[in-house]
Amino acid sequence: MPAKDIYHNTVKNALIKDGWKIIHDPLRIRLARGKNLFVDLGAERLLAAERETEKIAVEVKSFTRPSDIKDLEDAVGQFVLYDHLLARYYPEYKLFLAVTESTCRTVFEEEAGQTLIEDGVIRLFSFDAEQEVIVKWIP
């Protein structure tokens with residue numbers, strides 16, 4: 001099992017407060033030849049109007065290194081890999097990157113991060129680490 005991000009439990013609590021039920025902690029992607037990858041969380045919630053469930057997978061990233069760009073490069077690489085594997089093995093899940101509100105402002109409201117969002121490379125949500133709540137979804 002991989003080590004959990006420092007905000008793992010914070011994001012888990014924020015999702016629960018937002019009406020999500022955590023069903024995988026972590027969500028295992030079983031690859032051929034016995035290899036495994038682990039997305040931090042899998043969650044679902046009932047869509048009242050449709051009486052169906054919406055499922056998401058969440059990769060939590062803290063962006064704690066001195067270089068935000070290096071953190072961004074690593075996060076995007078992992079996101080793209082997991083997104084493609086989820087599409088193959090768990091197509092009902094939509095992957096999101098979870099970052100703090102301050103990381104959202106300093107990384108994803110700047111040109112490099114904004115380009116990734118505008119071009120549909122990543123989906124993310126920001127959270128308030130102290131309040132343990134989701135601030136905004138950026139699909």
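Ala57 has Leu95 as its bridge partner in strand E6. Six bridges join E5 to E6, and the two strands run parallel; strands are DSSP runs of E with at least two residues, helices runs of H or I with at least four, numbered from the N terminus.

The model is predicted, with local features requiring pLDDT of at least 70 and side-chain atom pairs pLDDT 80 or more, while totals for chains, interfaces and linings use all residues. Residues are numbered from 1 along each chain as its sequence is written, and side-chain values use heavy atoms, without hydrogens and water.

The order E1-E4-E5-E6-E7-E8 describes an open sheet of six strands with mixed pairing, where two strands pair if DSSP finds at least two bridges between them. E1 and E8 stand at the edges with a single partner strand each, so one side of each lacks a neighbour in the sheet.

Helix H3 packs on this sheet and touches E6, E7 and E8, contact meaning heavy atoms within 4.5 Å. The direction of H3 makes about 95 degrees with that of E6; axes are lines fitted to C-alpha atoms, for helices over the stretch in contact, and angles between N-to-C directions run from 0 to 180 degrees.

Among the elements covering the buried residues of H2 are the following; buried means under 20% relative accessible area, exposed over 50% and partly exposed in between (1.4 Å probe, protein chains only).

| Element | Residues |
|---|---|
| Strand E2 | 27-30 |
| Strand E3 | 36-39 |
| Strand E5 | 52-60 |
| Helix H4 | 111-118 |

The buried residues of H2 include Asp71, Phe79 and Tyr82. Leu47, in strand E4, counts as partly exposed because its relative accessibility is 25%.
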